[in-house]
Amino acid sequence: TLRLICTSTAVQRKNVGASGPEKYTETFIKKQIEEFNLGKRHLANMMGEDPETFTQEDIDRAIAYLFPSGLFDKQARPMMKHPTEVFPEQRKIQWGEDGRPFHFLFYTGKQSYYSLMHETYEKLLNVQKHQDQLVAQDLPLQKEKRNLAGSRWLTKIELEEMLLEKVSDDDYSRFIQLLQKLVALPCADIEEKYIQKFSKEVPMQLQKVVIEPLQYDERGVAFSTGEGQRKTARATAVVYDNGTGKITVNGIDILHYFPVLQDREQLLFPFQFLGRIGKHDMVCTVSGGGRSAQAGAIRLASAKALRSFVTEKEVEFMRQAGLLTVDPRVKERKKPGQEGPRRKFTWKKR
Amino acid sequence: GLGWRLRVWLPRIMPVRWSRYNPSYLEPEVKKESYQKPLEALTEEEREQKELKAVRPIKAAPPTLSSSVFSDPMISKFTNMMMKSGNKVLARSLMSQTLEAIKRKQLEKYHKAPENEKETIECNPYIIFHQALKNCQPIIGLSNITKGGKTYQVPVPLTDNRKRFLAMKWMITECRENKHRRTMMPEKLSQELLLAFNNEGPVIKKKHVLHKMAEANRAYAHFRWW
């Protein structure tokens with residue numbers, strides 16, 4: 001066997017430590033993009049579709065058809081995505097050939113974060129200077145309040161993506177505080193463009209839900225259905241118009257099915273809130289769960305059914321009263337090493 | 001992880017008291033009157049709250065809360081504290097029997113009283129309940145602070161929630177322990193509530209004792225650092 005004699009220590013070192021996440025060169029990424037596009041065309045030909053108009057959804061469907069997988073985790077199943085989504089965006093090398101870094105804050109460790117803080121503070125000082133100028137000229141300060149409810153700040157993850165470096169919780173909260181201070185000043189409209197880079201629009205909650213139209217049965221009476229669940233109980237409710245306020249559950253009257261007052265109160269809650277107690281008839285079917293869970297499920301189902309009878313404003317009021325949200329609370333699982341979900345075994349000294 | 005069904009929202013560090021809701025969910029507002037107020041009647045804060053509510057998701061209303069006139073948050077809280085081993089049916093029936101007993105006693109007094117005093121007698125059991133608990137609430141509490149090896153009882157201000165909790169807890173413990181074996185809970189509770197309503201009785205005495213202790217330990221008040 002041959003043995004290396006004239007070697008340097010760098011070659012002899014066997015246990016080299018990890019050198020951070022894999023760095024992808026630009027040529028590598030370009031090659032991946034070319035391969036992806038070629039693969040997309042091949043896939044389109046295989047599926048018998050037009051290669052020019054083959055969208056990402058079509059790719060996903062084709063892959064799910066060709067490679068069916070029974071794995072539970074969606075991330076573990078075979079997928080074909082554009083390389084920019086697969087390979088995370090990375091920073092290019094931050095220093096030149098002589099070893100000197102490009103950015104003046106490189107040695108702080110978090111150069112983009114600190115440069116961002118500096119920029120934002122500069123804008124703040126700018127706004128204050130403008131304010132002082134207006135006061136010196138005795139002009140009135142603009143007092144238009146920005147609508148805070150319709151927008152939200154960037155989340156920590158989004159900020160990390162923007163800056164391409166890790167941001168700690170403390171740093172993130174400091175940045176948000178600085179932005180809020182900037183927005184609170186009266187003349188912040190000057191820097192509106194800069195602020196918009198860090199805020200996102202939040203759509204009104206109501207617009208996410210589609211209200212179904214009323215249906216009419218043989219007698220000409222309007223009715224609508226709703227489904228609800230709570231814990232393990234599942235309920236469907238059919239609410240009829242021009243009724244006397246009779247409520248039937250699984251063919252039994254509520255007075256017999258729910259002997260407890262609290263459950264009956266819950267059933268009548270949506271009707272009482274809208275003031276329509278004697279005006280509707282209800283027929284429900286419910287299965288699973290216990291007494292209180294069934295009542296909660298029917299409450300949700302009837303509230304959903306009543307949405308079709310009522311104006312949009314009242315639907316919004318129902319949502320704000322908590323009638324239209326599914327209660328996510330379920331029984332907590334028992335953990336090993338403990339007697340119940342929270343109760344530990346009796347502690348014995350010996 | 002705990003599987004996709006339970007992964008509603010899990011923080012990275014697991015706090016002991018966590019809820020199934022995402023922290024952005026707001027509490028529901030059940031009372032009908034607050035939705036019928038015109039826009040001008042609201043203050044600045046209320047207007048902001050209203051705009052925020054339009055954008056954020058809202059938690060589901062719990063089964064004890066309802067928009068009917070008969071549901072009272074204070075009564076529900078008291079019923080929950082009286083409940084043993086999850087027997088809400090029994091606790092609720094005891095509560096309603098207590099309120100009935102209060103009403104009967106007050107009506108008896110009302111019919112026996114002379115004309116000029118009839119107006120001063122309060123017959124509404126809900127008002128009596130609220131006033132009695134309000135009278136039992138301590139203003140200042142004591143907390144144990146260890147300094148230099150010795151534990152001192154330091155007078156400390158209490159939050160509203162804590163005051164309400166202490167008043168209800170004292171009332172319940174008093175009714176459970178200091179009664180004859182044969183008296184029923186509603187009877188004893190109604191008795192105690194009526195005494196507390198008139199600022200008499202053992203619960204009020206306990207409150208005064210606590211106040212006196214706090215007054216006596218005034219010297220250590222500077223040990224508090226919050």
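User: In which sense do strand β4 and strand β5 of chain A pair?
Analyst: This is a predicted model, where local features need pLDDT of at least 70, side-chain atom pairs count only at pLDDT 80 or more, and totals for chains, interfaces and linings use all residues. Residues are numbered from 1 along each chain as its sequence is written, chains are lettered from A and ligands numbered from 1 in the order in which they are written, and side-chain values use heavy atoms, leaving out hydrogens and water. Helices (H or I, at least four residues) and strands (E, at least two) are DSSP runs numbered from the N terminus, and two strands pair if DSSP finds at least two bridges between them. Strand β4 covers residues 222–230 and strand β5 covers residues 233–240 of chain A, and with eight bridges between them the sense is antiparallel.

User: Which residue in the turn between β4(A) and β5(A) has a positive phi?
Analyst: β4(A) and β5(A) make a hairpin, with two residues between them. Across this pair, A:T225 sits opposite A:V238 in β5(A). In the turn, the residue with a positive phi, about 55°, is A:K231.

User: What is the bridge partner of A:A235 in β8(A)?
Analyst: β5(A) also pairs with strand β8 (residues 281–287) of chain A, in the antiparallel sense and over seven bridges. Look in β8(A) for the partner of A:A235, and you'll find A:V286.

User: How many salt bridges are there over all chains?
Analyst: Side chains of opposite charge can pair when their charged atoms come close. Here a salt bridge means a side-chain nitrogen of Lys or Arg within 4 Å of a carboxyl oxygen of Asp or Glu. Over all chains, that rule gives a count of 23.

User: How many residues apart are A:D60 and A:K81?
Analyst: These two side chains meet in a salt bridge, 3.7 Å from N to O. The pair links distant parts of the chain: A:D60 is in helix α3 (residues 56–66) of chain A, while A:K81 is in the loop between α3 and α4 (83–86), making them 21 residues apart.

User: Is A:D263 buried or exposed?
Analyst: The side chain of A:D263 meets that of A:R291 in a salt bridge, at 3.0 Å from N to O. That pair links distant parts of the chain, with A:R291 in helix α11 (residues 291–306) and A:D263 in helix α10 (residues 261–274) of chain A, 28 residues apart. Buried means under 20% relative accessible area, exposed over 50%, and partly exposed in between (1.4 Å probe, protein chains only). A:R291 is partly exposed at 36%, but A:D263 has 1% relative accessibility, so A:D263 counts as buried.

User: How far apart are the centres of domain 1 and domain 2 of chain B?
Analyst: Domain bounds come from an automatic or database domain assignment. For chain B, that assignment gives domain 1 (20–71) and domain 2 (73–223). Taken over C-alpha atoms, their centres are separated by 30 Å.

User: What radius of gyration does chain B have?
Analyst: Chain B has eight helices and two strands, and its C-alpha atoms fill a box of roughly 65 × 55 × 45 Å along the principal axes. The radius of gyration is taken over C-alpha atoms, and the globule rule is 2.2 Å times the number of residues to the power 0.38. A compact globule of 226 residues would come out near 17 Å, but chain B has 22 Å.
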